[in-house]
Amino acid sequence: MIAFETLHAAPPALTAHAPLLMVVAPLIAACAAALAPSARVSWMISVTGSVFAAWMALAVAGEVARRGVVDYVIGGFAPPLGIALHIDGLGVMVALLVSSAGVMASLYSGHSLTTEVGAEKHTLVQSGFLLCQTGLLGLVATGDAFNAFVFLEVSSIGTYALVAIGEKRDRRALPAAFNYLIMGTIGATFYVIGIGFLYAATGTLNMADMAARLATLDDSSVVQAGFAFVVVGLGIKAAMFPLHGWLPGAYSYAPSLISIFLAATATKTSIYLMARFVFDVFPYGAAFGQAFVTWVLAPLAATGAIVCSLQAVFEKEIRRILAFSSVAQVGFILLGLSLATVGGASAGLFYLGAHALIKITLFMALGGVALSLGARRLGEFAGVAREAPWSATAFAIGAASLAGVPLTLGFLAKWRLIEAALQAGAIWVVVVLAIASLLTFLYVGRMLEAIFFRAAPAGAPRAREAPVGVLAPLWVLAGLNIWFGLDASLPEQLANSAARALLGAAP
Amino acid sequence: MNTGELLIFLALAVPLFAAAAIYAVGRMPDVRETLTIIACIALSVITISMFMRVGAGDPPTLTVARPLAGLEIAFRLEPLGALFALMASLLWGVNSLFSVGYMRGKREANQTRFYMCFALAMFAVMGIAMAANLFTLFIFYEVLTFSTYPLVTHTGDARARAAGRVYLATLVGASLVLFLPGIIGVQIVAGSTAFTQGGLLPGRVDATTGDILLLLLVFGAAKAALMPLHGWLPSAMVAPAPVSALLHAVAVVKAGVFAILKVSAYIFGPDLISTLPAATWLLWIAAGTIVIASVIAMTKDDLKSRLAWSTVGQLAYVTSAALLPAAAGLVAGGLHMLVHAFAKITLFMCAGAIYVATGASKVSEMRGLGRSMPIVFSCFLIGALCVIGLPPFAGMWSKFLLIKAAFGTREWFTAAAMVISSLLGLLYLAPVALRACWSRLAMDRHAPSSVRRRARTGCCGADDHSCSMCRAVPAGGWRRQLSCANRGEGAMSEGTQDVAPKEKPQLGEPGEHPLSVLLFSWMRGKLFFRLLMAGLSALGAVLIALEVVLSHRPVTSLVNMPGFFGIFGFLAFGIAVLSGWPFGKLMRRPEDYYDTRSGEAGRDR
């Protein structure tokens, strides 16, 4: 157990402004990186900015553990008129996730960008990456619905550009980025339309305020329309089945730095925002909110978990397998949330964290191998285990965790999910989880068989072991998969307090 | 850390460390194999001292990690687990010695991976044996699955990969879909999964929940190969013989039945089991598995495949024992697990030895090989008789206890299945060794017909044991024997001329060994059939009489239906008679049924 209550990560002067600094630090770093004289300097700026944000996130975590909720009023204008940052247990968990993923990705980026992106674009890539980080952290920190839209767009604009930069390696990155741009914009537009409706109904944009006023008028059709728009908009951003069309392309063809960061964070923050709206802003128990969770969210999540796992089984390119797997795992997370119990939400959020860690490990291992080997298809990875044993082993650990092999974090995540479903009496959820896990196991087995048990054909391009700068963060992540598999008290603690923050007031 | 905890730690650490060390010295085969043997000996010493300590004082407990609140990876030493650990570690040593010879003899590739995975599998077995709760047991159960997968696919060809896929899909599928939800169900119902003396669940579940959990847990332990989840075991026969020994005797299937025994003894407890209807259903399924597997084993010509089916049947014995509503069943089950392991490893090693020495893998190819490999086939016979359960071999005691427990709890189906399957075992296992010793060589097809005839009449048909072929056949199989026969043509021709004119009235079939004639010809007389018929009729009459007298345990409400037993008996009788057709065809086919390629064998009679 880590006692967050006694965690004073930063001096009091910094801690007081930590919620804002956490968001602003990457923003400032983004500007600095864009102006940096060389690729190396921009990389250093990127690492510094990410580490600083993570530090501030830790400071906020300590404060939240002590006070329950941290409210930070920007510029001294009190809400509902002013903009406020509002971070509770749920926000802390996602913020820690995003910022630590940012640190890992920025460490990794030093090596990956040199082979994947032209040297003249490095500074801009780092700038975009930091912008994206700003957007995601801001989205988590803010307590204002419209502000959330702004941050969502900040992060998205960063990622649209970054996905497109993958075109040096694979021309399909361009249509994928365009696809992502269109879908993402539609999603954001829907979200802002929904916010408009809600503003019309309640006259406020502050989420807490909105929740208080909505409690009195939940039968209004304006509110219902607003709810529908918000959920569909965020569903697109969160790659909720069947709104996930943009994701496989964006994950597969982007530079590996972006795949890593997106896979760990982008859909997760949208899920966070959606959970905020479904369970927090709209008082759960409002008839249509409940109906949505039971009759829309849960069935779609179940279908997504199974259908996308199946797609992953039959997919031929390794990164697309992982991308479809991500959509399926979003289904797992939403299934947990849709149980609408504290246990279910806690299991879902635990899974969210576990999946972020797993996917960042997998994409980083793949990226490390791909630095020397331009392989995409499964067959081209034959024999990589002999040529790059360290990367391959880390990949295997991540894959085992994804499949839910005991002694890894993924196993405990599945355990908690099934436990929560059984406790809520939702047997059908257990069945869906079991089937989807079985399919997960199949595609994981296909990947590992190609990498470990097949000999490389003669004359095929050889892979080289990834450089130490990549292996170090990679093995930290792989080690965490195992460490948390043996002692998951830290993520469990975070997920539990997040679930309590989310559903504490709910029946 | 006291001695007991230290022993637990060492039992886990030694194989794990051995695996790492084997990997490190993989380039030097001699060092690698010495290391393996040393690890075997060390582990055996550890498990023996653990076994000696069982029952003395508090059982030592070692908690390693606590992943989530309420979940522990913990170990505790109890008698059944100590027995399992002891058995596995001793057999690992024997099997490693055998592996060294086998793998070198066959010049197999990837030997370092082989020994490393073997050591990892032992690590998993130790974890399973000493697990203090279901959660820990599940973790190591999965580790065992994954560490044995590279062994099953060792040869790496398409057949091996297909078998590996079946292996993983069945085992992992069952544990994900059935075992894991079952364990989580136990965790929710009882708040823990700790193995508790007398059972964890009694008083905490109603009948329905108990039924569901029992079904989930018993079928989830697919390593126990209870039908219909048995398919992986026969298909895994593509693996090399030491791996088969590992699968069938040392570790894998034993881990399955061990899990079922533990679940029965320490999660449900005999008292709860005796009240659950699901236990009765499972007993029927196990009884069915016992009989069906034995019948299928009879049809298999491939020796390893025959042995695999025999294993399926024998495992169902242990499963039945675990589910009998009496504590006596658990004792019998534990004993049978142990005895069967020792017997089966003997059989598989014999099969491996025969294969390495002669290349013969089919039963039909082994006729007459007994003369060149007398020791191997004697061992095979001993192993076979032990599996069948004939005195004075160990198998007798476990079967005796099993059948006694089945009778004691009035599980007639189970008892009958066990008796029938033992008889069938006599039919499919014993003849392998007997024919190898007493039948003529299977070499004839390839030899010129004159040699062939002479080899038969001169050597085996005419009781001429002074012939050079029967006395001193070199090791190395029938090919060399054939050349020996060619060389000895002149020497044997005299004997042929002597014997051929004496046409004695033949009792047995042409070419049959005289001893076999002596032993079995009485079965062919008409008197025997009459006696048999009379005996069967009397048995039938007694059974009908008993039917009137005995009261039945009302298994289902169906029994109370008027005339149920009449209808049931009629249907069963009809099925038995009708099944005589295919069965008769099966039993009456010629001995050379397998060699239908040329049809020569049939023509020659």
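Biologist: How many helices and strands are in chain A?
Modeller: This is a predicted model. Chain A has 507 residues, and 63% of them are buried. Its elements are 19 helices and two strands.

Biologist: What is the radius of gyration of chain A?
Modeller: The C-alpha trace of chain A spans about 70 × 55 × 45 Å along its principal axes. For 507 residues the globule rule gives 23 Å, and the model's value is close to that, so chain A is as compact as a globular protein of that length. The radius of gyration is 21 Å.

Biologist: What share of the contacts in chain A join residues at least 24 apart?
Modeller: Take the contacts between residues at least 6 apart in sequence. Of these, the share that joins residues at least 24 apart is 80%.

Biologist: Are α16(A) and α18(A) parallel, perpendicular or oblique to each other?
Modeller: Two packed helices are described by the angle between their axes and the distance between the axes. Helix α16 of chain A covers residues 409-423, and helix α18 of chain A covers residues 468-486. Their axes lie 7 Å apart, at an angle of about 45°. The two helices are therefore oblique.

Biologist: Which residues of α18(A) meet α16(A)?
Modeller: From α16(A) come A:Leu409, A:Phe411 and A:Leu412. The residues of this contact divide into four nonpolar, two polar and no charged. On the α18(A) side they are A:Asn481, A:Phe484 and A:Gly485.

Biologist: Which element gives the largest share of the side of chain A that touches chain B?
Modeller: In all, 21 residues of chain A are in contact with 21 residues of chain B. On the chain A side, the elements giving two or more residues are α16, α17 (427-453) and α18. That side divides into 13 nonpolar, four polar and four charged residues. The largest share, seven residues, comes from α16(A).

Biologist: How far apart are the end C-alpha atoms of helix α14 of chain B?
Modeller: Helix α14 of chain B runs over residues 374-388, which is 15 residues. At 1.5 Å a residue, it should span 21 Å. The model agrees, with the end C-alpha atoms 21 Å apart.

Biologist: Which elements cover the buried residues of α14(B)?
Modeller: The buried residues of α14(B) include B:Val376, B:Phe377, B:Phe380 and B:Leu381. B:Ile388 is also one of them. Among the covering elements of chain B are α12 (303-323), α13 (327-358), α15 (395-408), α16 (412-428) and α17 (430-438).

Biologist: Which residue just after α14(B) takes a positive phi?
Modeller: The phi in question is about 100°. The residue is B:Gly389.

Methods: Residues numbered from 1 in each chain as written. Chains lettered and ligands numbered in written order. Predicted model: local features only at pLDDT ≥ 70, side-chain atom pairs only at ≥ 80, totals over all residues. Axes fitted to C-alpha atoms, helices over the stretch in contact; angles between N-to-C directions. Helix = DSSP H or I, 4+ residues; strand = E, 2+ residues; numbered from the N terminus. Parallel < 35°, antiparallel > 145°, perpendicular 65-115°, else oblique. Contact = placed C-beta atoms within 7 Å. Nonpolar A, V, L, I, M, F, W, Y, C, P; charged D, E, K, R; others polar. Expected span 1.5 Å × (residues − 1). Buried ≥ 20, exposed ≤ 12 C-beta atoms within 10 Å, placed from the backbone. Rg over C-alpha atoms; globule rule 2.2 N^0.38 Å.
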